[in-house]
Amino acid sequence: MPAKSKAQQKAAGAALSAKRGETPKSELKGASKQMVKSMSEKQLEEFASTKRKGKPQHVSK
C-alpha cells in the first residue's frame with residue numbers, strides 16, 4: 001500500500017530508520033512513533049519507497 005501524501009511518506013521513512021536502529025526511537029514524534037509500533041519493516045519500506053511526485057503535502061480527512 002503506497003503512501004497517500006508526502007507527510008505520510010516522510011513519517012514512514014523516519015519510522016523505518018528507527019525500526020532498523022539507525023535513529024533512536026526517542027527522537028520520533030507523532031505518526032512515525034505509532035508507525036514503529038504498529039507496522040512491520042516490510043510495510044514501512046513500502047510506504048517510505050513511494051514516489052513523492054504528484055502527492056499532496058497532506059491528505060484532507
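Before the first stop, a word on handedness: a crossing is called left-handed if the near helix is turned anticlockwise from the far one by less than a right angle, and right-handed if clockwise. Keep in mind too that this is a predicted model.

**Stop 1: two helices.** Select residues 6-19, which form helix α1, and residues 41-48, which form helix α3. Their axes come within 8 Å and cross at roughly 145 degrees. Look at how α1 passes α3: the crossing is left-handed. Now show side chains. On α1, the contact is made by Q8, Q9, A12, G13, A15, L16 and K19; on α3, pick E41, L44, E45, F47 and A48. Colour them by type and you'll get 6 nonpolar, 3 polar and 3 charged residues.

**Stop 2: the core.** Which residues touch the most other members of the largest nonpolar core? Select A12, A15, M35, V36, M39, L44 and F47, out of 13 residues in that core. Helices α1, α2 (30-38) and α3 each supply at least two residues to this core, and α1 gives the most, with 5 residues. In soluble globular proteins, nonpolar side chains tend to be buried together.

Zoom in on M39 next. Apart from its neighbours within four places in sequence, M39 is in contact with K19, L44 and F47.

Stop 3: Click on S5, in the segment before α1. Is S5 buried or exposed? S5 counts as buried because its relative accessible area is 7%, under the 20% cut-off. To see what S5 contacts beyond its neighbours within four places in sequence, select K55, P56, Q57, H58 and V59.

Technical notes: Residues are numbered from 1 along each chain as its sequence is written. This is a predicted model: local features need pLDDT of at least 70, side-chain atom pairs count only at pLDDT 80 or more; totals for chains, interfaces and linings use all residues. Side-chain values use heavy atoms; hydrogens and water are left out. Axes are lines fitted to C-alpha atoms, for helices over the stretch in contact, and angles run from 0 to 180 degrees between N-to-C directions. Helices (H or I, at least four residues) and strands (E, at least two) are DSSP runs, numbered from the N terminus. Contact means heavy atoms within 4.5 Å. Ala, Val, Leu, Ile, Met, Phe, Trp, Tyr, Cys and Pro count as nonpolar, Asp, Glu, Lys and Arg as charged, and the others, Gly among them, as polar. Buried means under 20% relative accessible area, exposed over 50%, partly exposed in between (1.4 Å probe, protein chains only). A nonpolar core is a set of buried Ala, Val, Leu, Ile, Met, Phe, Trp, Tyr and Cys residues joined through side-chain atoms within 4.5 Å.
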